[in-house]
Amino acid sequence: MRLLVLGGTEFVGRAVVEEARALGWEVTTFNRGTHDPVPGVTALRGDRSAPDGLAALAHGEWDTVIDTWSWSPSAVRDSASLLAGRAGHYVYVSSRSVHTFPAPFGADENAPVVTGSADDGDGDYAKNKAGAELAAVAAFGDRALLARAGLILGPYENIGRLPWWLTRIARGGPVLAPEPRDLGVQYIDARDLAVWCLRAAEQGLGGAYNVVSPPGFTTMRELLETCVKVTGSDAELRWTPEARVLGAGIEPWTDLPIWLTGELHDFMHGADVSRAVAAGLRVRPVEETVADTWAWLRSIGGVAPMRPDRPAVGLDPETEARVLAG
């Protein structure tokens with residue numbers, strides 16, 4: 001299989017490239033060249049947000065294109081229309097954030113979607129993803145596969161969610177852990193997302209799929225206890241009532257990554273994924289994702305890279321100490 005990855009050097013794109021290479025696929029990447037390409041790929045350069053930025057893609061044919069773009073939908077419109085006659089399949093890595101909030105627990109791919117346009121410039125994340133989906137479908141029709149991921153974790157994470165928990169727990173001592181302990185968490189390892197996208201494209205699948213683990217695949221307790229185990233830390237998880245955490249002004253998702261409450265929890269951690277599971281989605285054990293992320297973090301000196309367009313996450317030590325002492 002001949003694969004073109006639009007991106008291919010960071011997090012999900014890198015996972016796609018590495019998994020495709022492991023399958024023996026011939027891989028071409030297209031990006032601005034701000035990061036070194038994965039060894040063994042053909043690296044094309046261009047800035048898809050600039051005039052004539054797609055010039056390097058004027059020639060070539062591929063069986064599958066995988067696109068992880070999160071900004072202006074018009075960039076996906078331009079790349080998809082350029083490649084429609086020279087590529088068999090277009091996989092757009094989208095997001096469950098395209099759904100209108102609040103989506104109830106158990107919502108599937110047919111839940112309402114926010115209004116977007118393939119011609120839009122850069123806007124908010126949900127509209128960007130929704131407009132890009134429309135762009136992919138407009139160019140490729142039923143040859144467009146929309147992989148709606150939820151929370152994505154794993155090695156090379158450049159958002160900082162699991163890396164923050166690992167780093168904090170590795171530091172040891174009392175750790176503020178938000179109740180309820182058995183609150184369900186739904187996520188996808190970037191490598192499992194990559195493998196599913198590759199195999200689904202190979203099968204010629206089209207349309208929208210929620211590509212994330214089943215609801216309740218793990219819990220906050222299992223996730224954080226696994227962080228303690230793999231780091232070998234003496235950390236003590238201090239499980240604290242939700243009301244007390246929120247009352248201290250601590251924000252779910254940003255101050256305490258991954259953790260969500262109420263409608264936000266149902267929206268992010270409650271997707272029906274039966275369609276993707278029926279199409280071959282397999283999710284590796286929690287311990288493997290956590291251990292591999294910790295090994296990667298240690299290999300780069302313990303500080304995870306961060307996307308410049310995303311805010312930093314994690315609770316400041318002073319607030320944590322104050323709540324624990326109270």
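**Thr 319.** I looked up Thr 319 and found it buried, at 12% relative accessibility. Buried here means under 20% relative accessible area, exposed means over 50%, and partly exposed is in between (1.4 Å probe, protein chains only). Thr 319 sits in helix α11, residues 317–325. Helices (H or I, at least four residues) and strands (E, at least two) are DSSP runs, numbered from the N terminus. I also checked Thr 319 against Thr 68: they are 251 residues apart along the chain, and their C-alpha atoms are separated by 35 Å.

**Ground rules.** This is a predicted model, where local features need pLDDT of at least 70 and side-chain atom pairs count only at pLDDT 80 or more, while totals for chains, interfaces and linings use all residues. Residues are numbered from 1 along each chain as its sequence is written, and side-chain values use heavy atoms, with hydrogens and water left out.

**Asn 31.** Next I went to strand β2 (residues 26–31), where Asn 31 is found. Asn 31 is buried, with a relative accessible area of 11%. A polar atom of its side chain lies 2.7 Å from the backbone oxygen of Gly 7. For contacts I take heavy atoms within 4.5 Å. Leaving aside neighbours within four places in sequence, Asn 31 is in contact with Gly 7, Thr 9, Leu 44, Arg 45 and Gly 46.

**Helix α10.** How far apart are the end C-alpha atoms of α10? They are 20 Å apart, which agrees with the 20 Å that its 14 residues (286–299) should span at 1.5 Å a residue. The expected span is 1.5 Å times one less than the number of residues. I listed the buried residues of α10: Val 286, Thr 289, Val 290, Thr 293, Trp 294, Trp 296 and Leu 297. They cover an arc of only 160 degrees around the axis, which puts them on the same side of α10. That arc is taken from the directions from the helix axis to the C-beta atoms. On the other side of α10, Arg 298 and Ser 299 are exposed. The cover over the buried residues includes β7 (151–153), α4 (161–171) and α6 (220–231).

**Cores.** I then looked for nonpolar cores, meaning sets of buried Ala, Val, Leu, Ile, Met, Phe, Trp, Tyr and Cys residues joined through side-chain atoms within 4.5 Å. The largest one has 38 residues, and Trp 165, Ile 169 and Met 220 have the most contacts inside it. α6 gives the most to this core, with six residues. A second, separate core of 37 residues includes Val 17, Ile 66, Ala 276 and Leu 281. Back at Met 220, I noted that its contacts beyond four places in sequence include Trp 165, Trp 239 and Trp 259.

**Salt bridges.** My search of the whole structure finds 18 salt bridges. Each one is a side-chain nitrogen of Lys or Arg within 4 Å of a carboxyl oxygen of Asp or Glu. Asp 182 and Arg 221 meet in one of them (3.1 Å, N to O). Asp 182 lies in the loop between β8 and β9 and Arg 221 in helix α6, so the pair ties together parts that are 39 residues apart in sequence. Asp 182 is exposed at 52% relative accessibility, and Arg 221 is partly exposed at 27%. Glu 202 pairs with Arg 199, the closest N and O atoms being 2.9 Å apart. Those two are three residues apart in helix α5, about one helical turn.

Notes:
A polar contact is a pair of N or O atoms within 3.5 Å; within protein, one must be able to donate a hydrogen and the other to accept it, and residues adjacent in sequence count only if both atoms are side-chain atoms.
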